[in-house]
Amino acid sequence: MKAVISATGLWTPEDSISNEELVEAFNQYVDKWNSENAVDIAAGTKDALEYSNAPFIEKASGIKSRFVISKDPILDPNIMAPRIPARDNGEISVLAEIAVNAAKKALEKTGRKAEDVDAVIVACSNLQRGYPAVAVEVQEYLGTSGFGFDMNVACSSATFGLEAARGLIYGGQAKSVLVCNPEICTAHLNFKDRDAHFIFGDVATAILVERDDIAPKEHWEIIHSKLVTKFSNNIRNNFGFLNHCAPEDDGMTGDRGKKGLTDKLFVQNGRSVFKEVVPMVANMITEESANAGVDLADLKRMWLHQANLNMNVLIAKKVLGKNVDIKYAPVVLDEYANTSSAGSIIAFDKYSDDFDAGDTGLICSFGAGYSAGAVFVRKVA
Ligand code: COA
């Protein structure tokens with residue numbers, strides 16, 4: 001008995017924001033802030049904010065645009081954040097809705113009926129609420145049987161979710177598991193932070209993981225996998241029920257309110273992340289391919305986490321010891337930006353149709369924690 005990937009699903013928001021649109025809004029905000037703070041800036045008590053720049057963004061990250069679920073407020077220099085209308089408890093939550101959208105696409109590809117799915121895992125970076133688990137809501141709206149639960153391993157949530165699904169199948173808890181990765185990354189991005197305002201986009205992916213005897217004839221065998229975590233403060237988001245967005249001047253002590261809004265959103269030390277995560281991931285891939293008995297020369301493709309183009313190029317080069325064609329490690333960053341856990345699954349969904357039976361590839365995630373997951377797959381047709 002084996003657990004295999006039967007299909008993936010991808011849901012993409014209708015609206016997108018180009019670097020040029022994003023930078024124009026950011027620079028309007030800079031002009032406004034500098035003019036409102038002109039006296040302090042002239043007195044030297046505050047530093048003037050600097051403009052952002054679209055060519056810098058593309059060169060530093062490979063990102064050209066990003067899909068978003070709430071475009072206009074992000075581009076309004078007086079708001080610079082998504083504004084998603086609040087919903088009553090009787091309505092589906094926005095995170096569950098986009099998870100359902102992606103899950104339906106995975107189910108459609110296989111003809112699997114929702115009631116034949118017996119577990120839902122929502123694995124993503126930012127869950128909308130404490131409880132009930134979003135996965136249980138997805139279960140309700142899809143009409144799946146069994147149970148559901150949420151989990152969060154930041155950008156590695158999808159590969160860790162995949163492994164959790166495999167464990168449920170091997171343990172006999174489930175035969176067909178939907179792993180959903182709804183990522184509304186723009187809601188945890190500080191669009192006023194020049195260093196990071198360009199990084200994220202919104203999307204949802206889903207992975208249908210099943211026992212091989214019920215999976216469709218054409219599927220992906222999971223040959224080997226490895227999960228790793230190592231604590232780091234270099235990528236952090238402190239938002240939570242003990243650390244919420246109290247005003248900066250409310251006099252609260254402790255985590256709550258100490259740094260106002262700024263650290264309740266995504267913060268990172270991008271340079272350190274780059275330097276520390278590239279070798280960690282390259283070594284993991286090299287070691288685990290040996291453990292998997294997969295010769296790296298036979299690996300047809302790596303569907304890497306999509307955080308930064310230069311990072312992916314370097315990981316592929318370190319692993320293979322030479323520069324490689326972009327087809328070997330396809331990029332969706334240009335169109336989607338960083339979509340956290342969904343990134344490697346988008347790449348897999350879009351760039352796996354040319355695989356023949358017996359071809360092998362690697363789904364690999366990495367991100368906050370630090371966390372990294374490597375899942376070696378072989379096409380079975
Ligand atoms: N527009 C124009 N210039 C900018 C800018 C912007 N939006 N943001 C930063 N700069 C400037 C900086 O001020 C700095 O100028 P200086 O050299 O005069 O001081 C220069 O560009 C380089 O800044 P730096 O932050 O060092 O850029 P970088 O080349 O490291 O690229 C990242 C930044 C974030 C794209 C890159 O570090 C990265 O992707 N790291 C990994 C991130 C990651 O994977 N995170 C995981 C998220 S889940």
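User: Is the crossing of α1 and α3 left-handed or right-handed?
Analyst: This is a predicted model, where local features need pLDDT of at least 70, side-chain atom pairs count only at pLDDT 80 or more, and totals for chains, interfaces and linings use all residues. Residues are numbered from 1 along each chain as its sequence is written, and side-chain values use heavy atoms, with hydrogens and water left out. A crossing is left-handed if the near helix is turned anticlockwise from the far one by less than a right angle, and right-handed if clockwise. The crossing of α1 with α3 is right-handed.

User: At what angle do helix α1 and helix α3 pack?
Analyst: Helices are DSSP runs (H or I, at least four residues; strands are E, at least two), numbered from the N terminus. Axes are lines fitted to C-alpha atoms, for helices over the stretch in contact, and angles run from 0 to 180 degrees between N-to-C directions. The axes of α1 (residues 19–36) and α3 (residues 54–61) lie 9 Å apart, and the angle is about 125°.

User: Which residues of α3 make the contact?
Analyst: Contact means heavy atoms within 4.5 Å. From α1 come Asn-19, Glu-20 and Val-23, and from α3 come Ala-54, Ile-57 and Glu-58.

User: Which residues touch the most other members of the largest nonpolar core?
Analyst: A nonpolar core is a set of buried (under 20% relative accessible area, 1.4 Å probe, protein chains only; exposed is over 50%, partly exposed in between) Ala, Val, Leu, Ile, Met, Phe, Trp, Tyr and Cys residues joined through side-chain atoms within 4.5 Å. The largest one has 53 residues, and those touching the most other members are Ile-285 and Phe-366.

User: Which element gives the most to this core?
Analyst: Elements that each supply at least two residues include α1, α3 and β12 (360–367). With 9 residues, the one that gives the most is α8.
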